[in-house]
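This report looks at side-chain packing in one protein chain. Please keep the sequence and the 3D view open while reading.

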Amino acid sequence: MKFSLKTLAAAIALAAAAGSASAAIDNGQGGNGELFFSAWDGATSYTYDMNTTIDAFEASKNAAGNLDLVWGADFMSGYGSWVANANTSSLQWSVLAMDSSGQRRILATVGSSMTATNSRIDALRNGVTQTQSYLANINGVISGNSFVVTDSSAATYAGKVGDKVFGSFNFDTTGSFINNSYASGLVFEKTTAAATGTTALGANAAYTDDGIAVRAWVDSNNTLHIAAVQAVPEPSEYAMLLAGLGLMGVVARRRSQKQA
């Protein structure tokens with residue numbers, strides 16, 4: 001029952017977001033910005049409006065059961081078409097969200113080791129401002145939920161945000177084509193930075209749900225996930241387990257025979 005409640009809550013949140021979808025990614029200037037996915041390969045890029053605000057994401061995470069958010073058919077259509085022609089050996093992708101009303105909240109994937117603190121808060125605020133300007137450029141031309149750029153010099157090219165959010169982060173926020181399952185997925189975290197001041201450092205906190213790490217990945221079917229799921233043994237692991245139990249049975253029988 002616990003899992004079904006979480007799944008239902010997530011479905012309702014995403015359905016509500018999809019129902020209010022518009023050709024614009026909320027950049028958080030009024031607070032509570034939307035999550036967006038970006039991928040680039042050095043020449044072209046793909047940006048997707050996930051139509052889920054920071055508050056809606058956290059509400060889904062805090063609902064009963066384990067978080068299991070999925071962006072399926074709509075994401076698959078756009079990303080699948082783009083990635084089919086992309087250079088996957090140099091592909092980078094990230095999920096970001098931010099706001100700039102009071103204390104800054106920056107949600108980001110983690111592509112490298114994350115420390116407890118981030119860059120100086122003035123640098124983080126600057127990263128938020130530059131990202132919001134980038135999204136303003138995207139919102140001027142986006143139609144529907146996604147946008148493909150074929151010119152890496154364009155202001156709308158996702159690679160301009162880069163692996164450290166315009167250089168404001170002290171860790172890499174991007175993944176690659178191999179981050180295609182929960183096991184190999186990227187940690188998802190929130191950085192907070194005060195609205196004023198310069199010398200203090202931002203604070204990083206990785207999201208967990210019932211003690212399970214929240215991770216983001218794009219699976220082999222080109223479906224985007226942000227979830228906290230229990231690891232399910234692969235068929236090969238089941239086979240090894242059965243083989244080990246069988247071997248233990250053989251050893252036990254031989255010992256009993258010797259004792260007889």
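How many aromatic pairs does a search of the whole structure find? The search gives 16 aromatic pairs. The model is predicted.

**Aromatic pairs**

Two of these pairs are described here. Tyr46 and Phe75 make an edge-to-face pair, with 6.1 Å centre to centre and 75 degrees between the planes. Tyr46 sits in strand 2 (residues 45-53) and Phe75 in helix 3 (residues 73-83), so-called distant parts of the chain, 29 residues apart. Both Tyr46 and Phe75 are buried.

Phe188 and Tyr207 are stacked, because their planes meet at 25 degrees, under 30 degrees, with the ring centres 5.8 Å apart. Phe188 belongs to strand 8 (residues 186-193). Tyr207 lies in the loop between strand 9 (201-206) and strand 10 (208-209). The pair therefore ties together parts that are 19 residues apart in sequence. Phe188 is buried, and Tyr207 is buried too.

| Pair | Centre to centre | Angle between planes | Class |
|---|---|---|---|
| Tyr46 and Phe75 | 6.1 Å | 75 degrees | edge-to-face |
| Phe188 and Tyr207 | 5.8 Å | 25 degrees | stacked |

Tyr46 and Phe75 also belong to one aromatic cluster, together with Phe37, Tyr48, Tyr79, Trp82 and Trp93. Arg215 lies over the face of Tyr182, at 4.8 Å from the ring centre.

**Nonpolar cores**

Which residues have the most contacts inside the largest nonpolar core? They are Phe37, Phe57, Tyr79 and Ile226, in a core of 34 residues. Helix 3 supplies the largest share of this core, 4 residues. Tyr79 is in contact with Phe37, Ala39, Tyr46, Leu91, Phe177, Val218 and Asn222, leaving aside neighbours within four places in sequence. A second core is separate and has 25 residues, including Met98, Ile142, Phe169 and Phe171.

**Helix 4**

Helix 4 (residues 121-139) has 19 residues. From first C-alpha to last, helix 4 reaches 26 Å, close to the 27 Å expected at 1.5 Å a residue. Its buried residues are Ile121, Leu124, Arg125, Gly127, Val128, Thr131, Gln132, Tyr134, Leu135 and Ile138. Residues three or four places apart in an α-helix point the same way, because there are 3.6 residues a turn.

Asn145 is in the loop between helix 4 and strand 7 (146-149). Is Asn145 buried or exposed? Asn145 counts as buried because its relative accessibility is 18%, under the 20% cut-off. Asn51 is buried as well, with a relative accessible area of 7%.

**Thr192**

Thr192 is found in strand 8. With a relative accessible area of 21%, Thr192 is partly exposed. Thr192 touches Gln103, Arg104, Gly202 and Ala203, not counting residues up to four places away in sequence. Thr192 and Gln103 are 89 residues apart in sequence, yet 6.8 Å apart in space, C-alpha to C-alpha.

How values were computed:
Residues numbered from 1 in each chain as written. Predicted model: local features only at pLDDT ≥ 70, side-chain atom pairs only at ≥ 80, totals over all residues. Heavy atoms only, no water. Helix = DSSP H or I, 4+ residues; strand = E, 2+ residues; numbered from the N terminus. Expected span 1.5 Å × (residues − 1). Buried < 20%, exposed > 50% of the residue type's maximum accessible area, 1.4 Å probe, protein only. Phe/Tyr/Trp six-rings, centres within 6.5 Å; stacked < 30°, edge-to-face > 60°. Lys NZ or Arg CZ within 6 Å of the ring centre and 35° of its normal. Contact = heavy atoms within 4.5 Å. Core = buried A, V, L, I, M, F, W, Y, C linked by side-chain atoms within 4.5 Å.
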